[in-house]
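Hi,

Here is the structure I promised to pass on, and my notes follow below it. Have a look at it first, then read on when you have a moment.

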Amino acid sequence: MSAKLGEILVRENLVTPQQLREALDYQRTSGGRLGSNLVKLGIISDDVVTAVLSRQYGVPSINLDLFHIEDEVIKLISQDVALKYMVLPVSRVGSTLTLAMADPTNVFAMDDIKFMTGFNVEPVIASEASIQMSVGKYYGGSNQIDIFDAAVAFETEKAASKSSKNGHSKNGSRSALKIGATNLSAADIDVSLGNFDFEVHEGEDFELVQENDEIDLATLARASEDAPVVRLVNILMVDSLRRGASDIHVEPYEKDFRIRFRIDGVLYDVMHPPMKIRDPLISRLKIMAKLDISEKRLPQDGRIKIKVKIDDRSRELDFRVSTLPTLFGEKVVLRLLDKEKLMLDMSKLGFEPESLEKFQRNIANPYGMVLVTGPTGSGKTNTLYSALQTLNQPETNIMTAEDPVEFNLQGINQVQMKEQIGLNFAAALRSFLRQDPNIILVGEIRDFETAEIAIKAALTGHLVLSTLHTNDAPSTISRLVNMGIEPFLVATSVNIIQAQRLIRRICSECKEETQFPVDALVEVGFSAEEAAELKTYKGKGCETCLNTGYKGRVGLYETMEITDELRELIIIGASAIELRKKAIECGMITLRGSGLAKLRDGITTVEEVVKETVL
């Protein structure tokens, strides 16, 4: 194993021949495995060794720090056996025991453990240092652990954490969050990770659901019990929910296959499966989303519905699936649409009191236009759905044109756009006006035709809500004018424009006060007096937040109410800069101002505010 591992590391330019010789010399005098010795000497990180071994043997890798292992599973193997073979039991599903191993080729260890436990053994790869530390954690025998290895692992983890704050780890990728429990199947999944317990059993608890029908997957599950691809897809979906991920990115490259989760707006590496399952895994996702698996040249969009049993309660989850042909295969992105995460209480979104009052006052108007702006993933849909929920009354006819319809809202007529048959926003809007609406939501104003019809609707007694992609509230006016809308129409139809962003919250479990330079706080936007007295906070990292220091997100809002003074400036063609200046004079809180308010309240960090806003 050692020689082959060394050859791979040299071939992939992860170590130099000189470094390999140095590690082999150290191995001859001190013993141990080559990978562990390379880590001890500081030549390479644990994560890199584990990833290479995973590719070498076609066995999934696992990060034990992210797993909570049940006591009954730990008791299956004694501490002496765990240290002797450098293994750790991770989970048991039926008659199969998932075993984390530093050396997955050790058939003697697997045979011994199979004989002792009576279970079939399925190996996953973990680093030697993480196994040693986990043995100390679960068996309470830290005095028997190689202290040198533990120290090296700690330093490696600390260095990786430090580099991840800069956006990159040692090997050029973001900080990694690995999963590897691919033994879990649709027929019988029992995952116990972190603070959540998932049980997915045959048929009733993990189901692929048609748009208007539920299918019993018992037959499919039994037929695919031996299919690792199906098991991997199922655990990815369940694990994305457990981690609170909003998106799953499945990305093929020339010599690598990467899966990432977007958690609180940041992408994290989850795993690097073997290249041989790249095409089957992507095809499996396309089949579940009812896409054409033979079409690999064009982008496709679909949806997957699954049922998952969590805490004896069945939950239905929606995944929006998008495929895109890339140089080395199709990239697939799954957007998790979890209705239980949809925050429809506007008072809990993060509005400043004065901004919330302005927004609520303007959505209560009988006519006019309310615009919400911001980049993709800034929470625009959530804000609009919250507004609709507030306005949803039995005497009100609400109609929406969306692409796609993300969540079903009771009592609201929602229409899915289908460009291929000519049903676009403009066509839907024309039809809406013949349907006696009170309130109209247009998913996005993308062109002159849609903007023109929406403004005419707002001028003829309808309340119109929509979104645009602009950087801030004042520049939205310029965008509409540039589309071809006359300034006087913009001035008379638009009631309010709200720009927004999402920033990460400090984890409440590990929140601690920290010192921040006064000069830096002044540069951010505080006065010198306030900066000197301001208390700043950060999260030091814990199991709850996966050692990121952040848990959840909160909104920043820039709410520009169109007053008579602003209308006069719009009509004479004032620039976005002039509009911004006048709006601030009229009491508008900017995005940066909203961020400073969150800092005063100890909700977020200076880094998050600076990343998403400008002065």
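**Notes on the model**

Buried here stands for under 20% relative accessible area, exposed for over 50%, and partly exposed for what lies in between (1.4 Å probe, protein chains only).

Before going further, please keep in mind that this is a predicted model, in which local features need pLDDT of at least 70 and side-chain atom pairs count only at pLDDT 80 or more, while totals for chains, interfaces and linings use all residues. Residues are numbered from 1 along each chain as its sequence is written, and side-chain values use heavy atoms, with hydrogens and water left out.

**Salt bridges**

D279 forms a salt bridge with R278, and their closest N and O atoms are 3.3 Å apart. A salt bridge, in these notes, is a side-chain nitrogen of Lys or Arg within 4 Å of a carboxyl oxygen of Asp or Glu.

A search of the whole structure finds 25 salt bridges. Another of them joins E406 and R320, with 3.0 Å between the closest N and O atoms. This pair links distant parts of the chain, 86 residues apart: E406 is in the loop between strand 14 (398-402) and strand 15 (413-416), and R320 is in strand 11 (residues 313-326). E406 counts as buried at 15% relative accessibility, whereas R320 is partly exposed at 23%.

The loop between strand 14 and strand 15 also holds D403, whose partner R446 sits in the loop between strand 16 (439-442) and helix 16 (448-459), 43 residues apart from D403. The closest N and O atoms in the salt bridge between D403 and R446 are 3.7 Å apart. D403 is partly exposed, at 35% relative accessible area, and R446 is partly exposed too, at 37%. Elsewhere, E251, R258, R260 and K331 are linked in a network of salt bridges.

**Around strand 21**

The search also turns up three aromatic pairs in the whole structure. One of them is F351 with F359, a stacked pair at 5.7 Å centre to centre and 25° between the planes. Rings of Phe, Tyr and Trp (its six-membered ring) pair if their centres lie within 6.5 Å; planes under 30 degrees apart count as stacked, over 60 as edge-to-face and the rest as tilted. F351 is buried at 10% relative accessible area, and F359 is buried at 0%.

The rings of F351 and Y557 are stacked as well, because their centres are 3.9 Å apart and their planes at 10°. F351 lies in the loop between strand 12 (329-337) and helix 13 (353-363) and Y557 in strand 21, so this pair ties together parts that are 206 residues apart in sequence. Y557 is buried at 3% relative accessibility, and F351, F359 and Y557 form one aromatic cluster.

What else is in strand 21 (residues 550-561)? T559 is there, and T559 counts as buried at 1% relative accessibility. Its side chain makes a polar contact with the side chain of Q498 at 3.3 Å. A polar contact is a pair of N or O atoms within 3.5 Å; within protein, one must be able to donate a hydrogen and the other to accept it, and residues adjacent in sequence count only if both atoms are side-chain atoms. Leaving aside neighbours within four places in sequence, T559 is in contact (heavy atoms within 4.5 Å) with residues including F351, F359, I496 and M588.

**The chain as a whole**

Overall, the chain has 24 helices and 21 strands, and buried residues make up 53% of its 615 residues. Among contacts with a separation of 6 or more, 64% are between residues 24 or more positions apart.

I hope this helps you find your way around. Happy browsing!

Key: Helix = DSSP H or I, 4+ residues; strand = E, 2+ residues; numbered from the N terminus.
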